[in-house]
Amino acid sequence: MDARQYDIIQGETRTPEFLAKVNANGRIPVLQIDSESGTRFLPESNAACWYLASGSYLIPQDRFAQADMLRWMFFEQYNHEPNVATLRFWLRFVGEANLSEQQRAQVMAKRMAGQDALALMDSELSSRKFMAGNVVTLADIALFPYTHVAEEGGFALRDYSNVQAWIERIEALPKFVPMV
Ligand SMILES: N[C@@H](CCC(=O)N[C@@H](CS)C(=O)NCC(=O)O)C(=O)O
């Protein structure tokens, strides 16, 4: 699978061409699907993950288990990513000194909401191995990336020992591929 990088700091996802052809929402990641009937683009990371994992062991068959897994994927989008990932982006890539006044005003609220999200994960992970049960699912795939680098956004992972153990469990999975 080939990957194309876009520089979001330079606004490469906001060009008229990107908006018209790839994602009218101006954001990455976007999965490009080429088939005989043409090329289609699928924005939204969790939609792309669902497409790729469809039919695999990463999506439980049981109706409740599947919905419960989706619950954690919605949590990732609503409670986790906008706080944990956004703060990391602001602090690590934009730089604290370069934040706009509007961004600066949101830092404290995002820090508290991000801590709440990590604390909820930590308490849920006290009774099971993975986010949606004792087997790995797409919910873990959705939540792992920004959780394991949360320190880069100023979150102290040592405060969440069950989350730390879960990170180690995921990194020990046979087909785990580290992010570069
Ligand atoms: N809900 C979306 C979030 C996508 C998103 O916010 N992407 C950011 C980078 S992580 C982006 O492309 N920002 C560029 C911009 O807003 O111009 C997903 O999970 O795919």
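## Around the ligand

Let's start with the ligand, whose surroundings in this predicted model are made up of Ile8, Thr13, Arg14, Gly26, Arg27, Ile28, Pro29, Glu44, Ser45 and Gln77.

## Two domains

The domain assignment divides the protein chain into domain 1, covering 1-43, and domain 2, covering 63-171. Between the C-alpha centres of domain 1 and domain 2 there is a distance of 25 Å.

## The hairpin

Now for the strands. S1 (residues 30-35) runs antiparallel to S2 (residues 38-43), and the pairing spans six bridges. Two residues sit between S1 and S2 in the hairpin that they form. Within this pairing, Asp34 lies opposite Thr39 of S2.

How many of the six residues of S2 are buried? The count is zero, so to speak plainly, S2 is hardly covered.

The largest nonpolar core is worth a look: it contains 27 residues, and Trp72, Val84, Leu118, Ala139 and Leu143 have the most contacts inside it. Two or more residues of this core come from each of helix H3 (63-94), helix H4 (101-124), helix H5 (138-148) and helix H6 (161-171). H3 gives the largest share, with seven residues. In soluble globular proteins, nonpolar side chains tend to be buried together.

Setting aside neighbours within four places in sequence, Trp72 is in contact with Met131, Ala132, Ala139 and Leu143.

Methods: Residues are numbered from 1 along each chain as its sequence is written. This is a predicted model: local features need pLDDT of at least 70, side-chain atom pairs count only at pLDDT 80 or more; totals for chains, interfaces and linings use all residues. Domain bounds come from an automatic or database domain assignment. A residue is near a molecule or strand if its C-beta atom, placed from the backbone, lies within 6 Å of it. A nonpolar core is a set of buried Ala, Val, Leu, Ile, Met, Phe, Trp, Tyr and Cys residues joined through C-beta atoms within 7 Å. A residue is buried if 20 or more other C-beta atoms lie within 10 Å of its own, exposed if 12 or fewer, and partly exposed in between; C-beta atoms are placed from the backbone. Helices (H or I, at least four residues) and strands (E, at least two) are DSSP runs, numbered from the N terminus. Two residues are in contact if their C-beta atoms, placed from the backbone, lie within 7 Å. Two strands pair if DSSP finds at least two bridges between them.
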